[in-house]
Amino acid sequence: MTGSRLISGALLALFAAALLQGCDSFRRLAGRPTSDEIEAKRELILREEAAHKARMDSLSRLEKVKADSLALLDKIRNSGEMFLSVASLRGVDALKLGKRYYIIVGAFSNAANAGWLASKIEAAGYEVEKIPYGNGFTAVGVAGTDALAHLWDNLQKVRTESFCPKDVWILVNE
């Protein structure tokens, strides 16, 4: 019986050694992931979830901006404002225009008249862009902006100025 006690003792010692090494030894023997591997996977999943949430939040913000812009565009169009695209005007170089939207307060066959109005508007504190047409006319664009929301705000402000005629229109540089 000493042989069986020796085998039992060896098995007991092996079992005790495995217990002292922790569950990771059993997991490794069974081909299962260790606690370190499980923790690394958990952290990876958390990072991926955070990145996914950030992408979804970003998409939500973009959709809100798009919806707000479309609503504002409808508001501007329903207010009776006239829009013209650069493509519809012959001889206007879209690449030379720095902004997407301009409020056009006048167009002159005499460039000196456009310059006079531009200086009057600049004296009132506005940025002005003189926009030459291919037919010899020069338009005076005020408060150029790339943001539709700023366009609406600028339009409301410009309309209160003494230099602003009733028939202003919006040039869209696309």
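Buried denotes under 20% relative accessible area, exposed over 50%, and partly exposed the range in between (1.4 Å probe, protein chains only). The model is predicted, so that local features require pLDDT of at least 70 and side-chain atom pairs count only at pLDDT 80 or more, while totals for chains, interfaces and linings use all residues. Residues are numbered from 1 along each chain as its sequence is written, and side-chain values use heavy atoms, with hydrogens and water left out.

**View 1. A143 in strand β4.** A143 lies in strand β4, where strands (E, at least two residues) and helices (H or I, at least four) are DSSP runs numbered from the N terminus. A143 counts as buried because its relative accessibility is 10%. Its phi is positive, at about 50°, although A143 is not a glycine. Most residues other than glycine have a negative phi.

View 2. Strand β2 spans residues 101-108 and is mostly covered, with 6 of its 8 residues buried. Two strands are taken to pair if DSSP finds at least two bridges between them. Strand β4 (residues 138-145) runs antiparallel to β2 and is joined to β2 by 6 bridges; I104 has G141 of β4 as its bridge partner. Strand β5 (residues 169-172) is also antiparallel to β2, with 4 bridges joining the two. Here the bridge partner of I103 is I170. In a regular strand, side chains alternate between the two faces of the sheet.

**View 3. The nonpolar surface patch of M56, L59 and L62.** Together, M56, L59 and L62 form a nonpolar patch on the surface with about 290 Å² of accessible area. Patches consist of residues with over 30% relative accessible area and no salt bridge, like charges being joined within 9 Å and nonpolar side chains (Val, Leu, Ile, Met, Phe, Trp, Tyr) within 5 Å. A salt bridge is a side-chain nitrogen of Lys or Arg within 4 Å of a carboxyl oxygen of Asp or Glu. Accessible areas come from the Shrake-Rupley method with a 1.4 Å probe, and for residues only the protein chains shown count as cover. M56 belongs to helix α3 (residues 35-78) and counts as partly exposed because its relative accessibility is 41%.

**View 4. The protein as context for the close-ups.** The protein contains 5 helices and 5 strands, in the order α-α-α-β-β-α-β-β-α-β from the N terminus. Of its 174 residues, 27% are buried. The accessible surface comes to about 12,000 Å², of which 58% belongs to carbon and sulfur atoms.
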